Amino acid sequence: MAPTLTLKPGTAWADAWQRCLTVAPEAFRDDRVLNLWSGSWQADGRSLPATSPVDGSPIAGPPRLDAETAQRAVRASLDQHRAWRSIPLAERKARVSAALDALTEHRQLLSLLLVWEIGKPWKLAQADVDRAIDGVRWYVEEIDRMVEGRTPLSGPVSNIASWNYPMSVLAHAMLVQALAGNAVIAKTPTDGGLACLTLASALAAREGIPITLLSGSGGQLSEALVRSPEIGCVSFVGGRDTGANVATAVADLGKRHILEQEGLNAWGVWNYSDWDTLGGQIRKTFDYAKQRCTAYPRFVVQRSAFDSFLAAYLPAVRSVRVGHPLAVASPDDPLPELDFGPLINAAKAKELGDQVAEAVDRGAVPLYRGDLSDGHFIPGQDLSAYLAPVTLLAPPSTSPLHHAEPFGPVDTIVLVDTEAELLAAMNASNGALVATLSCDDPTAFARLAPQIRAFKVGHGKPRSRGDREELFGGFGASWRGAFVGGELLVKAVTEGSGNERVPGNFPDYQLLPS
């Protein structure tokens, strides 16, 4: 009989919250977080209730500002920007380094907040924090050559990002933008990451880094954060619908922008035989329930190899571990090593479950359905945000699962007979961030890969955002504006000489990195 699981002592939300009050009392109150603008923490906005996806229990909700207050915050950020851009680079490096030291000191607390707020398993939560810290340290070491002959933007950088990587994507970008000489504005993600970002911002603000952190609905804040003339650049990470609205606004205003949008990243299998390697890779694709922009929810498989593919795929998906990220059998046990915990909220889990049911009703073939009864859970806990892995063969073209990223543990498989069909199926979403093609012949890969509409294409291995000097962007509708990663991130938020064109996808040109 399996042992009864309980919450590991010291990891409760109440424990994390109390530590936040102790570490950063300027940013947290007894029952709420504050907004940061004009250089100080403000007890404004209307706090909304929120629950943790882990078990449905209450956690701190966002203190939502109105449009007028957001506009005042943007104007105050411009004042900070004008002062900060004149600070010598050596001093900016010292202040950012001090902020990184503080983040390192409180690494465990930041990770615990990510577990409760967005449901990341412990190991992945720590990795998110560590990637932010290590990535920015690399920029501190390399920034001198990157800003040589360049100047900060005319106004602050406005960041609007999704909830799934608050540290390694959003906080990382904010600190690099500041290192390059810009004041930084960030909107807290609507669905999660509020307390983690608040703590990280408090630690950075103590070192004099000009950060503005605001909460509010997109409808209320978009005019200030996107259209304000004070804004020098808009950096957005999220879905295509919202991204299209932002793209229209920045194009109308001629504003510098970085818009990372979703795409259906595909993994193709063509004339391939190394099934043992593929089986090990498949389980890894389920990390964090595929709730990331570089997840692989679509497999495009040569029909004649489908039996061999299934023999590798099914054992891998059956081995995926799902459960409560903080549940242990004994107080002294380490936290569990899970592939994923909950989805971001119960509404998302229901939406995906409904999409799967509808796809099956319309003809998709269910190849695998996991069962939460096999999961790593505390008896009686709320499971409404959890969804076990599902695999569908041949999703109908009328289903969202056919052409859009599910952002959850749902794989779809499409069978093809020709190279033309392979490419068409891998390019189903008009552009993607990453793709992979598993094929034995390097010559065939070299011929097919350039025809796959993804920024990065792996040969028999997954691709990701990458770190440090690795560049990142997207093709088609998956990306608009400047590319990032390595020196391109700094180029995107600084001005060069003359009529410089930074690499990226813009309304009037596309320029790939040289």
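In this predicted model, strand β12 pairs with strand β13 (residues 256–261) in the parallel sense, over six bridges. Within this pairing, V234 lies opposite H257 of β13. Strand β12 also pairs with strand β9 (residues 157–161), again in the parallel sense, here over five bridges. In that pairing, I160 stands opposite F236 of β12.

Strand β12 spans residues 233–238 and is mostly covered, with six of its six residues buried. In a regular strand, side chains alternate between the two faces of the sheet. The residues of β12 fall into two sets. C233, S235 and V237 point one way, while V234, F236 and G238 point the other way. Both sets are buried.

A second region concerns a helix pair. Two packed helices are described by the angle between their axes and the distance between those axes. The axes of helix α5 (residues 122–147) and helix α6 (residues 166–179) come within 8 Å and cross at roughly 20°. Angles under 35 degrees count as roughly parallel, so α5 is roughly parallel to α6. The crossing of α5 past α6 is right-handed. On the α5 side, the contact is made by D128, V129, R131, A132, G135, V136, Y139, V140 and I143. These residues meet P166, M167, S168, H172, L175, V176 and L179 of α6. By class, the residues of this contact between α5 and α6 comprise eleven nonpolar, three polar and two charged.

An open sheet of seven strands was also identified, with mixed pairing and the order β17-β18-β19-β15-β14-β20-β21. Its edge strands are β17 (365–369) and β21 (454–459), each of which pairs on one side only. From one strand to the next, the twist averages 20°. Strand β14 (residues 266–269) pairs with strand β20 (residues 432–438) in the parallel sense, over three bridges. Here G268 has L437 of β20 as its bridge partner.

Helix α11 (residues 306–318) touches β14, β15 (298–302), β17, β18 (390–393) and β19 (410–416). The direction of α11 makes about 40° with that of β17. Helix α12 (residues 346–361) also packs on the sheet, where it touches β17, β18 and β19. The direction of α12 makes about 30° with that of β18.

Individual loop residues were then examined. T11 sits in the loop between β1 (6–7) and α1 (13–23). A residue is buried when its relative accessible area is under 20%. T11 therefore counts as buried, at 9% relative accessibility. Apart from its neighbours within four places in sequence, T11 contacts L112, W116 and L326.

Most residues other than glycine have a negative phi. K290 is not a glycine, yet has a positive phi of about 60°. K290 is placed in the loop between α10 (275–284) and β15. With a relative accessibility of 1%, K290 counts as buried. N430 likewise has a positive phi, of about 55°, although it is not a glycine. N430 belongs to the loop between α14 (419–426) and β20. The relative accessible area of N430 is 46%, so N430 is partly exposed.

Technical notes
Residues numbered from 1 in each chain as written. Predicted model: local features only at pLDDT ≥ 70, side-chain atom pairs only at ≥ 80, totals over all residues. Heavy atoms only, no water. Buried < 20%, exposed > 50% of the residue type's maximum accessible area, 1.4 Å probe, protein only. Helix = DSSP H or I, 4+ residues; strand = E, 2+ residues; numbered from the N terminus. Pairing = 2+ DSSP bridges. Axes fitted to C-alpha atoms, helices over the stretch in contact; angles between N-to-C directions. Parallel < 35°, antiparallel > 145°, perpendicular 65-115°, else oblique. Left-handed = near helix turned anticlockwise from the far one by under 90°. Contact = heavy atoms within 4.5 Å. Nonpolar A, V, L, I, M, F, W, Y, C, P; charged D, E, K, R; others polar.
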